[in-house]
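Colleague: I am new to this structure and would like to go through it with you. May I put some questions to you?

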Amino acid sequence: MAAPVLKLARIQDMDLKGKNVVVRVDYNVPLKDGKVGDEKRIAATVPTVKHLLDNGCRVVLMSHLGRPKGKVAPEFSLKPLVPSVEKLMGAKVHFAPDCVGPEADKVVAAAGKGEIVLLENLRFHAEEEANDASFAKQLARHGEFFVQDAFGTVHRAHASTAAIAALLPGCIGFLVQKELEFLDRAVKSPARPFLAIIGGAKVSDKIMVLNNLLDSVDMLLIGGGMAYTFLAAQNVAIGKSLLEADKVEEAKNVIAKAYKKRAQCLLPADHLAVQELKPDAPIQHTQSMAVPDGWMGVDIGPRTIAIFKEHIRQAKTIFWNGPMGVFEMDAFSNGSFEIAKAMVEATQNGAVTIVGGGDSLSVLKKAGIKSSQLSHCSTGGGASMELLEGKALPGLTALSKGAEGK
Ligand code: AMP
């Protein structure tokens, strides 16, 4: 079942000239030796923040970082992000050492139009994750308008994503719009053939996505560790490959649903298999779908790669989530890399290519592929999966309700 279509106001349709705007961003970036290890998440919000600065707004940015569990934890401070935000936005950034309270109010009040305030980590307060209304009220005091641009957290009902939306007029920023455009619209009304490639470790993590995608895909390619539960469901021998015995029935149901929907569902035709999961283990190329006793499948084999690549070449929309093998070990990364390369070629040939979910992004990084070489790489792993599962996202539902009430 698909989530209802929401009425969401867009930043470009709002008159925000000279306003004080509070923006929820997802700056949950990796920190290395007190410095930002990867600026991608900050860079992803540049269009929204620059649009507000160009409109003479005072921009108050709020985010979480890591899991400080409601307590102040210096290692999760957002202060080290200030130089990156200043550089990428090209504006003065004032840092507020708390996100609420008199000190935060003072820093916000002292900031001028066309300037930015970066608030300290929202999750230093337990009230944030508790979706506490009075905490949201204190955050809402920092502005007269709310922009939601933290796609990575819209699947959470927190004070800065849900409760605040009832307190201020609000809209979605450019990043959230781009995510919805690709994940929601492209998946609901895709250019066809629409192909989904799903891999990764667990059937249990992906079963709802698979079921929901089957309402719209023309073909489903299954690889990675989860493929073995599907092969077991077809009575194929899988040796000691990864198996979720309690998911075999659900795997059967997915195959039956694919058949009913006339969507083709392909499983690996061959594998690379090892007896022990270690980087230098001797590798056997199984010549068929079956994995011999005592062996475990750790990557898709060359025949499967060739078949999957041919289908990628023919598709007009391709969604990929989850590696095809244990890509963390070089010897078992070939299948995932080949799929990644085929996705880049498909993009060059005009297909819409979408990658969602954390580990597929790690594959791209390891393969030296930039996100600009694909149509869209989702910034929100959990949020993108929940959207593809057809679930409503609390941060967006709250925003659409907030908009209705105003
Ligand atoms: P996910 O987070 O569900 O996308 O799963 C990613 C993980 O799946 C990675 O850590 C991979 O090493 C793992 N994986 C992929 N293929 C296999 C396989 N054949 N056997 C065991 N683990 C696998």
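Colleague: From which residue does a polar backbone atom lie 3.0 Å from a nitrogen atom of the ligand, apart from G225?

Modeller: The model is predicted. In it, a polar backbone atom of G225 lies 3.0 Å from a nitrogen atom of the ligand.

Colleague: How much of the ligand does the protein bury?

Modeller: The ligand taken alone exposes 500 Å². Of that area, the part buried by the protein is 80%.

Colleague: How far apart are the C-alpha centres of the two domains, domain 1 and domain 2?

Modeller: Domain 1 takes in 11–175 + 392–404, and domain 2 covers 192–350. Between their C-alpha centres the distance is 39 Å.

Colleague: Which radius of gyration does the protein have, and why does it agree with a compact globule?

Modeller: The C-alpha trace spans about 70 × 45 × 40 Å along its principal axes. For 406 residues, a compact globule would have a radius of gyration near 22 Å, so the protein agrees with that, its own value being 23 Å.

Colleague: What share of the residues is buried?

Modeller: The protein contains 15 helices and 17 strands. Out of its 406 residues, the buried share is 56%.

Colleague: Which peptide bond is cis, with omega near 5°?

Modeller: Look at the loop between helix 7 (174–188) and strand 9 (194–198), where P193 has its place. The cis bond, with omega near 5°, is the one from R192 to P193.

Colleague: Is N131 buried or partly exposed?

Modeller: N131 sits in the loop between helix 5 (126–129) and helix 6 (133–140). Its phi is positive, about 55°, although N131 is not a glycine. Buried means under 20% relative accessible area and exposed over 50%. N131 has 27%, so it counts as partly exposed.

Colleague: Is N235 buried or exposed?

Modeller: N235 belongs to the loop between helix 9 (227–233) and helix 10 (248–260). N235 is not a glycine, yet its phi is positive, about 60°. Its relative accessibility is 73%, so N235 counts as exposed.

Colleague: Which residue with a positive phi follows helix 2?

Modeller: Helix 2 runs over residues 46–54, and its buried residues are V46, T48, V49, L52 and L53. The residue that follows the helix has a phi near 65°, and it is G56.

Colleague: To which residue does the backbone oxygen 2.8 Å from a polar side-chain atom of H271 belong?

Modeller: H271 lies in strand 12, residues 271–274. H271 has a relative accessible area of 0%, so it is buried. A polar atom of its side chain is 2.8 Å from the backbone oxygen of M289.

Note on methods
Residues numbered from 1 in each chain as written. Heavy atoms only, no water. Domains from an automatic or database assignment. Polar contact = N/O pair within 3.5 Å; in protein donor to acceptor, adjacent residues only side chain to side chain. Areas by Shrake-Rupley, 256 points an atom, 1.4 Å probe, with all protein chains shown as cover. Helix = DSSP H or I, 4+ residues; strand = E, 2+ residues; numbered from the N terminus. Rg over C-alpha atoms; globule rule 2.2 N^0.38 Å. Buried < 20%, exposed > 50% of the residue type's maximum accessible area, 1.4 Å probe, protein only.
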